[in-house]
Amino acid sequence: MADKPKRDLIKIIFQNFFKSLRPRQFRGNYIGEDYFGNKYYEIPANPSLGKRKPSRWFEPADKEAFDQELTAEWEAWLRGRRDAPPTKEELIQNLQIMEMKKRNAEKLEAKYKKHTSTPSTSTIGTYPKYDEFEIIPNKDPGKK
């Protein structure tokens, strides 16, 4: 008969206790910065210590601001929805797309402001009355 390995419970407890006293990483690795000036840090996961997920956080540019604005890419990274942090090229590209959409929205708004009519001064209650729309269904808007 082969000797069975003997479990020494007290030895295991002491080993785990001494492993817990080893120095740990408290300061994170600098990962990147966004165009608002926020800095992002991470402490990687360490399954041997029972830590399955990395710790991620950011330091705002203004230390007093608790409601700091974040970019969508960095927020997704912070929440663990993406593994890799966003690159500067990706941030610049998405910022350009955002600015292009704002310009297009302003152009459309200016275009449709020219074509919309202003409400006339007489209104029914608080609802505005437009000359080109009928007030009573199936009646000509010009007739009263």
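A: Six aromatic pairs are counted, where rings of Phe, Tyr and Trp (its six-membered ring) pair if their centres lie within 6.5 Å, and planes under 30 degrees apart count as stacked, over 60 as edge-to-face and the rest as tilted. The pair of Tyr35 and Phe36 is tilted, because the ring centres lie 5.0 Å apart and the planes stand at 50 degrees. Tyr40 and Trp74, by contrast, form a stacked pair, with 4.1 Å centre to centre and 5 degrees between the planes. This second pair links distant parts of the chain, since Tyr40 belongs to strand S2 (residues 39-43) and Trp74 to helix H2, 34 residues apart; helices (H or I, at least four residues) and strands (E, at least two) are DSSP runs, numbered from the N terminus.

The model is predicted: local features need pLDDT of at least 70 and side-chain atom pairs count only at pLDDT 80 or more, whereas totals for chains, interfaces and linings use all residues. Residues are numbered from 1 along each chain as its sequence is written, and side-chain values use heavy atoms, with hydrogens and water left out.

As for accessibility, buried means under 20% relative accessible area, exposed over 50% and partly exposed in between (1.4 Å probe, protein chains only). Tyr40 is buried at 0% and Trp74 is buried at 1%, while Tyr35 is partly exposed at 40% and Phe36 is partly exposed at 31%.

Ring pairs also join Tyr40 and Trp74 with Phe58 and Trp77 in a cluster. Tyr40, Trp74 and Trp77, together with Leu78 and Leu91, make up the largest nonpolar core, which has five residues; such a core is a set of buried Ala, Val, Leu, Ile, Met, Phe, Trp, Tyr and Cys residues joined through side-chain atoms within 4.5 Å. Helix H2 (residues 72-78) gives the most to this core, namely three residues. Leu78 touches Tyr40, Arg56, Trp57, Phe58 and Leu70, leaving out residues up to four places away in sequence, where contact means heavy atoms within 4.5 Å.

Thr71 is found in the loop between strand S3 (55-59) and H2, and counts as buried because its relative accessible area is 4%.
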